[in-house]
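Subject: Structure for your review

Dear colleague,

Please find the structure below, together with a summary of what was found in it. I would be grateful if you could read the two side by side.

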Amino acid sequence: QLFEKSRGAAGRMSTRRGGDEGAPWQCDHGAQYFTASNAEFQAEVARWCEAGVAAQWTPRLKIMDGATDRDAEQKLRYVGTPRMTAPANFLAEKLALTTQSTIKKLQRDDGGWRLVSAEHGLMDAYFDAVLLAIPAPQAVVLLQSVAPVLAAIATATHMRGCWTLMLQFAAPVPLSYDAAFVHNNALSWIARDSSKPNRAGLESWVLQANPEWSEAHLEDSADSVATALIDAFVKLGGSTPITWAAHRWRYASTETKPQHGCVWDAKLSIGLCGDWLNGGKVESAWLSGQALAQQLLEANL
């Protein structure tokens with residue numbers, strides 16, 4: 001049984017959609033793409049591609065450091081299709097998924113684990129094990145009274161925020177590239193989301209601020225953040241959008257170096273997985289989940 005506080009299961013493999021029938025738009029505003037170096041994950045990505053929920057993305061990609069621009073290394077990059085949420089939705093099709101269910105407390109007694117949700121209170125069901133695939137600060141809240149060793153691991157992890165801006169344009173932005181890693185700037189990444197395969201609607205660009213800038217402005221208003229980031233985009237040669245939307249990711253990246261991969265407490269039958277335990281990427285999140293699943297299978301509950 002999978003409980004998810006949002007309306008879907010994709011987490012930071014997220015896509016925002018807006019506009020109306022005459023001018024719809026969509027934009028991936030979390031994870032921008034993913035790579036696959038591990039053989040098992042390569043096989044999984046191949047399965048996603050065969051199912052039509054992922055495809056290669058071959059952007060004209062630059063590295064910009066404020067002095068000179070250069071082409072970025074060419075490697076196999078993938079995105080979800082027709083949006084970044086597609087692989088997670090594909091995986092969730094065969095799962096018992098309850099969305100819009102925010103677990104706010106864990107309880108354990110002789111019968112096993114019980115869950116308390118913000119929406120439904122104490123649930124009747126007992127569970128043999130609990131696996132948490134959530135950001136470290138959120139895990140601390142659930143673990144501190146029931147699994148202090150795991151809570152300490154999560155507490156020692158510092159996660160940083162990220163301001164993301166989604167821009168819409170009436171016509172293609174006249175830039176000679178589709179995406180860029182940006183250094184020495186409030187921005188760290190810009191991308192023509194419309195250049196990804198199977199996208200539709202208005203020309204859309206995503207701007208992501210660097211972690212330091214985001215942390216310094218985490219409590220600023222969306223309007224002031226948009227003004228600053230659009231100005232930075234225009235100075236890089238971009239255009240002023242006709243509309244924009246902002247999203248603040250409180251827990252976007254991990255400053256602490258991952259050391260665990262996943263964590264499993266066999267005595268309590270509770271575990272942790274996630275990108276923050278294993279390198280911060282889509283691939284590392286998948287591998288972390290696989291590793292924890294193997295621990296659960298070996299526990300033979």
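Two strands are said to pair if DSSP finds at least two bridges between them. The model is a predicted one, and the findings are set out by region.

Antiparallel sheet

On that criterion, β9, β10 and β11 form an open sheet of three strands, in the order β9-β10-β11, with antiparallel pairing. Its edge strands are β9 (103-109) and β11 (121-122), each of which pairs on one side only. Two bridges join β10 (residues 112-117) to β11 in the antiparallel sense. Within β11, Gly-121 is the residue that stands opposite Ser-117.

Hairpin of β2 and β3

Strand β2 (residues 15-18) pairs with β3 in the antiparallel sense, over four bridges. The two strands form a hairpin with six residues between them, and Gly-19 in the turn has a positive phi of about 80°. Arg-17 stands opposite Gln-26 in β3. From β3, Trp-25 and Cys-27 point one way, while Gln-26 and Asp-28 point the other way; all are buried.

Nonpolar cores

The largest nonpolar core has 30 residues, and the members that touch the most others are Met-13, Phe-34, Phe-41, Val-45, Trp-48 and Trp-189. Two or more residues of this core come from each of β3 (25-28), α1 (39-51), β5 (61-64), β7 (78-80), α2 (86-92), β15 (187-192) and α7 (282-299). The largest share is that of α1, with three residues. Another core, of 25 residues, lies apart from this one and has Leu-167, Phe-169, Leu-175 and Phe-233 among its members.

As for Val-45, its contacts are Phe-34, Ala-36 and Tyr-78 once neighbours within four places in sequence are left aside.

Leu-272

Leu-272 is found in strand β19 (residues 270-272). Is Leu-272 buried or exposed? Leu-272 counts as buried because its relative accessible area is 0%, and the cut-off for buried is under 20%. Not counting residues up to four places away in sequence, Leu-272 touches Leu-132, Ala-139, Leu-143, Leu-150, Cys-262, Val-263, Leu-277 and Leu-292. Between Leu-272 and Pro-241 there are 41 Å in space, C-alpha to C-alpha, for a separation of 31 residues in sequence.

Yours sincerely

How values were computed: Residues are numbered from 1 along each chain as its sequence is written. This is a predicted model: local features need pLDDT of at least 70, side-chain atom pairs count only at pLDDT 80 or more; totals for chains, interfaces and linings use all residues. Side-chain values use heavy atoms; hydrogens and water are left out. A nonpolar core is a set of buried Ala, Val, Leu, Ile, Met, Phe, Trp, Tyr and Cys residues joined through side-chain atoms within 4.5 Å. Buried means under 20% relative accessible area, exposed over 50%, partly exposed in between (1.4 Å probe, protein chains only). Contact means heavy atoms within 4.5 Å.
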